[in-house]
Amino acid sequence: MVTHALLFLAGILTIQYLPELPDHRWSWLGIPLLVLLWFTGQRRWRYPALFLVGIFWANHHGHLLLDRHLSKDLEGVNLMVIGTVASLPEQTERRARFQFDIEQMWQGDLKLPSPGKVRLSWYHSDQPIAVGERWQLQVRLKRPHGFMNPGGFDYEGWLFHQGIRATGYIRSDSSNRRLNEWVWRYGVDRIRQNIRDKLRDALQNQPTARGVFIALAIGDRSDIPAHVWEGFMATGTSHLIAISGLHVGIIAGLMFWMMRWLWSRFEPLMLWLPAPIAAAICAMVAAVIYAALAGFTLPTQRALIMLAVVMSAVLLRRQVNTWHSLSMALILVLLFDPLAVISAGFWLSFMAVAVILFALTGKQQRENRLVAWVRVQWMVVLGLAPVLILSAMTVSLVAPVVNFVLIPLFSFLVVPLVLVSTVSLLLVPEVVQPLIQISAELLVHCIELLNWLA
């Protein structure tokens, strides 16, 4: 299974290094190759077929994205668009910025094909904007591009991975207006925006902790001050505030442990459904809800897929090799999103799990848990350092020490407190303020410790 996953990954990677995509019709060869894989048991055919399936699948996915684009002739000209606000707006005193899903587009009286999702800025506007609202706007767009400085952030690659086919700004015009309707499929994001607004009000006296609190609750990091970000980056702990596999795993693990313990206390429930299966179902439901609050970002989607592979083994009552589980998760993630390979987070998440498995498996004798935890921290730092360096990211020498303290602190105290405070804020807002303040104070002390270590 490990070999199969790596061959499929190699095929997808091959496409990323081609100067242009092969003709889309080549992708249809993937179907007979899959049939060949299904019916043949000969490895000499299976291995090259898996590699080619990876190539054809990535090629098909790339063409689906590139088919929707902004024509060069439409750059910098006035366009009238109708669409939906598709992300939580990032609001500052100077501008609002958000993703906009264009449904219809005109240049004068000429109707044009929609480029799909774009990223818009609205400068010096006092208009309140909510996710899910439909607007008519006059805009100017341009095709995505970024700076090519060595070691700099690949903005164009990030936009491409997010499915954003153009960027632009909204022009001041009398025709700009909110349409009296909103799109129901953005209902979860409306809840997220409502939570963000309530947390901003509740934490208005805690500017240092507010951004991290909101990031842990709903995955929106737009309120985190620059100096706080620098502290997390310098100590190699930025993963603690980016809702990803760690946080989804924390919630699923705590729910699994709690539900298994509670379920096993009642014999009639045990006779109806075994405690591990009930716990696995509840853990998956909790993980999906938390991922929804985080906006179903790509890291949370990867985490859900990996968690589903693990929980499926529990539900099916099968003992599954851990490396096989990781390989299956890798294949499923690549099937869901072949472009994940251009994201540093993809490599960091799978490399981290692989290093941890390597560090914890194959031990012939029991050892002290504290010693094992220290060894894992150092091996993760050493294992991820090449990926971080190749991605032009920071390698922190104090990361093992900081993670040794903060991962358990965030796992068992900070994240549960933040989530309990957030849920309580929605259900009983009049009595939750002290709990929110306690959580915020704890975050402030964590940030002060990080800055001192940095």
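Leaving aside neighbours within four places in sequence, which residues is serine 222 in contact with? They are Glu90, Arg196 and Arg200, where contact means heavy atoms within 4.5 Å. This is a predicted model, so local features need pLDDT of at least 70 and side-chain atom pairs count only at pLDDT 80 or more, while totals for chains, interfaces and linings use all residues. Residues are numbered from 1 along each chain as its sequence is written, and side-chain values use heavy atoms, with hydrogens and water left out.

**Three residues to look up**

- Serine 222 sits in the loop between α6 and α7; helices here are DSSP runs (H or I, at least four residues), strands are too (E, at least two), and both are numbered from the N terminus.
- With a relative accessible area of 32%, serine 222 is partly exposed; buried means under 20%, exposed means over 50%, and partly exposed is in between (1.4 Å probe, protein chains only).
- Serine 222 and threonine 92 are 130 residues apart along the chain, and their C-alpha atoms are separated by 9.6 Å.
- Leucine 50 belongs to helix α3 (residues 43–66), and it counts as buried because its relative accessibility is 13%.
- Leucine 50 is 42 residues from phenylalanine 8 in sequence, yet the two are 5.5 Å apart in space, C-alpha to C-alpha.
- Histidine 124 is in the loop between β5 (117–123) and β6 (133–142), and at a relative accessible area of 67% it is exposed.
- Histidine 124 has a phi near 50°, a positive value in a residue other than glycine.
- Most residues other than glycine have a negative phi.

**Nonpolar cores**

- The largest nonpolar core has 58 residues; such a core is a set of buried Ala, Val, Leu, Ile, Met, Phe, Trp, Tyr and Cys residues joined through side-chain atoms within 4.5 Å.
- Val212, Leu216, Phe410, Val414 and Leu443 have the most contacts inside this core.
- Helices that each supply at least two residues to this core include α6 (207–218), α8 (245–263), α10 (275–293) and α15 (399–427).
- The biggest giver to this core is α10, with 11 residues.
- There is also a second, separate core of 26 residues, and Val53, Ala58, Phe350 and Leu357 are among them.

**How helices pack**

- Two packed helices are described by the angle between their axes and the distance between the axes.
- α6 and α15 pack at about 85° with their axes 9 Å apart; axes are lines fitted to C-alpha atoms, for helices over the stretch in contact, and angles run from 0 to 180 degrees between N-to-C directions.
- That makes α6 roughly perpendicular to α15 (under 35 degrees is roughly parallel, over 145 roughly antiparallel, 65 to 115 roughly perpendicular, and the rest oblique).
- On the α6 side, the contact is made by Phe213, Leu216 and Ala217, and residues of α15 in it include Phe410 and Val414.
- By class, the contact of α6 with α15 has eight nonpolar, two polar and no charged residues; Ala, Val, Leu, Ile, Met, Phe, Trp, Tyr, Cys and Pro count as nonpolar, Asp, Glu, Lys and Arg as charged, and the others, Gly among them, as polar.
- The axes of α11 (residues 298–315) and α12 (residues 322–336) come within 9 Å and cross at roughly 140°, which makes α11 oblique to α12.
- Residues making this contact include Ile305 and Met306 of α11 and Leu326 and Leu332 of α12.
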